[in-house]
Amino acid sequence: MSVRKRMRRAHRDAPELNITAFMNLMVVLVPFLLISAVFSQMTVLELNLPPDTNAKQNKNQKKERNFEVIVRKDSLTVADTLGGTIKKINKINGEHDFKSLSMLLKKVKSKFPTKQNISILLETDIKYEVLVTTMDTVRVVDAVESGSVVKKELFPLIAIGDAP
């Protein structure tokens, strides 16, 4: 190649990059993606270990009433650490009866309005969905106030453990 051709190539300006079409695409695409995005909501519950019922009590210390929901493959049992079993709720049509559990816990809460904690004790091989539904059932209940449905707090402090 001759020296003249090399000189002409060196003096040429680099072509300018036209990004107008790309910018127009982004101006339309970004708002569309933001509008159509699905924003998920996560709820985090703080869980505790159940109290140790086998621990030796001092003579001066009186026993405290704690409530338990024992989830078994065939039933739900609501119990009291001082009085024993309150009620056993059997499955209906192969599903746990959470509606009856909710009504029973509502009655228990009306008798003990200051009680905040409850233990959920699970048998082995209980499905995760059953645990989550049980936690939601013991935590809040739907109540009708002034003609509208509101969520009322039942037992917000939940402890999880193994069923006896």
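A residue is called buried when its relative accessible area is under 20%, exposed when that value is over 50%, and partly exposed in between, using a 1.4 Å probe and protein chains only. This model is predicted, so local features need pLDDT of at least 70 and side-chain atom pairs count only at pLDDT 80 or more, while totals for chains, interfaces and linings use all residues. Residues are numbered from 1 along each chain as its sequence is written, and side-chain values use heavy atoms, with hydrogens and water left out.

Helices (H or I, at least four residues) and strands (E, at least two) are DSSP runs, numbered from the N terminus. Contact means heavy atoms within 4.5 Å, and the partners in the table leave out residues up to four places away in sequence.

| Residue | Relative accessible area | Touches |
|---|---|---|
| Thr77 | 8% | Glu68, Val69, Ile70, Thr85, Lys87 and Lys88 |
| Asp80 | 8% | Arg65, Asn66, Phe67 and Ile86 |

Asp80 is buried, and a polar atom of its side chain lies 3.1 Å from the backbone nitrogen of Leu82.

Now look at helix H3, which covers residues 98-111. Its 14 residues reach 20 Å from the first C-alpha to the last, close to the 20 Å expected at 1.5 Å a residue; the expected span is 1.5 Å times one less than the number of residues. Buried in H3 are Phe98, Leu101, Ser102, Leu104, Leu105, Val108 and Lys109. They cover an arc of only 165° around the axis, so they sit on the same side of H3; the arc is that of the directions from the helix axis to the C-beta atoms. Turned away from that buried side, the other face carries the exposed residues Lys99, Lys107, Ser110 and Lys111.

Notes: A polar contact is a pair of N or O atoms within 3.5 Å; within protein, one must be able to donate a hydrogen and the other to accept it, and residues adjacent in sequence count only if both atoms are side-chain atoms.
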